[in-house]
Amino acid sequence: MAASSTTNFSARPSGRASTFWQRLRSGDDIAYVVTLTCALTILAITALLVFELYKNSAVPRHQFGWSFLVTTTWDPVAGQFGALPFIYGTVVTSALALLMAIPLGVGAAIFLAELAPMRISNALTFLIELLAAVPSVIFGLLGIFVLVPALVSIEPAIRSVLGWTPLFSGPFYGVSIFSAGVVLTVMIIPFIISISREVILAVPAEQRDGALALGATKWETTWNVVIPFAKKGIMGSIFLALARSLGETMAVTMVIGNEPKIHQSLFAPGYSIAAVIANEFAEATGDLYLGALIELGLVLFGLTIIINGLARVLVLTTTKKGAI
Amino acid sequence: MIRRVFIVNAALVATLIMGVACGQQVPINAAGATFPYPMYSKWFDEYHKKFPQIPINYASIGSGGGIAQVTAGTVDFGASDGPMTDMQMKQFQDKRGSAILHFPTVLGADVPTYNIPGVATALNFTPEALAGIFLGKITKWDDPELTKANPGVKLPSSNIVVVHRSDGSGTTYVWVDYLCKVSKAWEIKVGRGTSVNWPVGLGGKGNEGVSGSIQQTANSIGYVELIYAVQNKMTYGKVKNASGEFIQASLASVTAAAAGIPMPDDFRISITNAPGKGVYPISSFTWLLIPSKIADPTKKKAIKDFLAWMLADGQKMTEALSYAPLPRAVVAKEVKAIDKIQ
């Protein structure tokens with residue numbers, strides 16, 4: 001697949017040595033320059049972003065150094081800033097969301113692509129893509145007014161099954177790390193389903209026919225041939241979902257409880273990086289306070305790179321025959 | 001010094017569009033507090049109807065942003081729910097070479113609101129009870145500090161769930177400013193600010209986040225703006241004032257808080273825990289921040305005229321929007337202060 005789509009300049013049927021003008025008029029060089037500019041723009045925007053975040057967080061970086069990353073006090077009045085509770089909240093809510101969204105999302109994508117009749121599949125996919133377009137503030141409001149009361153009512157059931165672990169101990173007020181994880185799950189599932197379904201549909205029919213011809217059942221074909229073939233694409237959908245959940249702001253801040261403390265229990269309130277920036281930036285005054293919030297942005301950027309990098313390494317070491 | 005470049009840009013674009021669309025108009029740009037925004041937008045709208053050549057654009061970006069932008073000179077005047085600190089005043093003086101003036105516009109108040117199953121009356125709160133609850137020292141609703149103040153009310157022996165604002169806000173500033181005045185322990189441990197390091201509690205985003213959390217959490221308590229509580233028909237408690245009376249917040253009791261306190265010449269004053277009879281103690285002014293030197297003569301005249309109008313006709317519109325009007329003495333003092341703008 002990948003090799004057939006590679007751009008090949010020399011393949012153009014042109015016997016003569018082409019001059020610069022001819023090449024320019026033929027469009028290839030223009031396309032090259034234009035697309036290169038587009039690609040460089042992305043690079044420039046990213047570099048500028050990091051530079052601005054780095055430059056504007058100079059005051060807290062000098063004052064707190066690396067301890068910013070590992071201390072837990074966030075006190076704007078006393079000028080004490082530590083990012084650990086926010087890093088913890090961001091990582092844990094995203095991990096929870098992926099834990100729930102990957103099986104659900106990939107499972108749904110397999111059904112829609114392989115098992116469901118095409119008409120149902122298309123109709124459902126349309127609805128799922130609508131879900132992806134819902135603004136996050138709507139998810140947040142639904143979170144406070146619908147999901148949180150629902151979680152409070154099913155909390156005894158969760159506790160009776162999982163209550164023995166410290167992860168589900170302590171009082172539950174409705175808003176919590178766990179609630180944020182559930183809201184994020186709902187928000188990222190459409191990405192996983194929609195992209196994974198497209199990728200699975202793109203697996204060549206020959207692959208399926210071959211497996212079936214060798215005597216595999218329908219499910220064996222799906223699980224042993226189609227999914228491994230589509231693995232890279234499915235991973236791609238999960239990366240996108242992860243990026244969305246790490247940076248989600250509105251929906252998370254409405255249900256996470258906004259308490260900058262690290263609790264053992266997922267039922268306890270927490271805080272995330274994006275949420276605290278959104279909450280406090282507008283009213284923050286003074287270079288130290290503003291700088292600390294900007295440094296949190298830098299931390300989120302670094303966190304995203306590290307997590308994505310680790311995930312990519314994981315994919316590279318486990319994927320051998322992925323093609324899409 | 002501040003990186004709210006995008007807001008500045010938006011303001012600039014707005015200025016440009018206004019400038020192109022209506023050549024002879026004098027667009028005035030302002031930014032700041034969100035709490036008085038409904039009032040200000042009504043005033044600016046009414047004033048624009050009266051004087052079509054003076055549109056005032058107000059961006060409700062928060063008090064901190066208002067102070068920063070007026071200091072940077074990107075807006076003609078700012079607005080804030082808290083008076084500028086001495087350091088902020090000095091920064092303005094250093095940067096702009098002239099002083100900044102505070103003009104109180106309306107009054108607001110914070111009210112304690114709660115959700116205790118089986119209790120529908122307005123509870124009485126002593127300052128000690130509020131400070132104790134928010135410090136995490138009073139943890140049960142049937143604590144003697146609460147039962148003593150509420151004879152005849154059956155308070156449950158349940159744990160109190162505290163809810164506060166998670167976003168930086170003037171509402172929080174007024175609340176913690178009050179707690180600082182009534183509790184030494186609060187002042188030392190937590191202090192004043194638009195965001196503080198809360199000893200206990202959940203954070204809700206905005207008034208709606210706080211009220212949403214309270215509605216859904218049994219035995220919870222939090223604070224919201226009076227106007228928000230009135231408009232959403234929420235139950236809110238009475239607070240014991242400095243004269244020992246339990247007072248429910250109302251437009252009259254909030255205006256009374258402003259009337260009882262001697263007004264300094266620069267109008268920078270906190271009226272939480274104000275002395276006097278019938279005073280609601282968790283009240284506050286909100287201010288316009290106006291540079292004392294305005295270079296552009298048309299703008300200067302427009303701003304001075306607006307202030308005079310706001311203090312006369314404008315004050316009559318406040319009660320319809322549930323804002324408490326300024327006491328007469330304060331209005332008279334402000335009218336004189338308009339002349340300080342040069």
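Student: What distance separates the centres of domain 1 and domain 2 of chain A?

Tutor: In this predicted model, the centres of domain 1 of chain A and domain 2 of chain A, taken over C-alpha atoms, lie 35 Å apart. The domain assignment puts domain 1 at 9-55 and domain 2 at 67-319. For scale, the C-alpha trace of chain A spans about 75 × 55 × 35 Å along its principal axes.

Student: What makes up the secondary structure of chain A?

Tutor: Chain A has 13 helices and two strands.

Student: How do they divide by class?

Tutor: There are six nonpolar, two polar and two charged residues in the contact of H6(A) with H8(A). Glu and Arg count as charged, and A:Glu129 and A:Arg197 are both in the contact.

Student: And how do H5(A) and H8(A) pack?

Tutor: Helix H5 (residues 84-115) of chain A meets H8(A) at about 35 degrees, with axes 6 Å apart. The crossing here is right-handed. By class, the contact of H5(A) with H8(A) holds 23 nonpolar, seven polar and two charged residues.

Student: What share of chain A is buried?

Tutor: Of the 324 residues in chain A, 37% are buried.

Student: How many residues of chain A are in contact with chain B?

Tutor: 27 residues of chain A are in contact with 31 residues of chain B. What counts is C-beta atoms within 7 Å of each other. Strand S1 (74-75) and helices H7 (136-162), H11 (250-255), H12 (273-280) and H13 (287-318) of chain A each give two or more residues to that side.

Student: Which element gives the most?

Tutor: H7(A), with four residues. By class, the side of chain A that touches chain B has 14 nonpolar, eight polar and five charged residues.

Note on methods. Residues are numbered from 1 along each chain as its sequence is written. Chains are lettered from A and ligands numbered from 1 in the order in which they are written. This is a predicted model: local features need pLDDT of at least 70, side-chain atom pairs count only at pLDDT 80 or more; totals for chains, interfaces and linings use all residues. A residue is buried if 20 or more other C-beta atoms lie within 10 Å of its own, exposed if 12 or fewer, and partly exposed in between; C-beta atoms are placed from the backbone. Domain bounds come from an automatic or database domain assignment. Two residues are in contact if their C-beta atoms, placed from the backbone, lie within 7 Å. Axes are lines fitted to C-alpha atoms, for helices over the stretch in contact, and angles run from 0 to 180 degrees between N-to-C directions. A crossing is left-handed if the near helix is turned anticlockwise from the far one by less than a right angle, and right-handed if clockwise.
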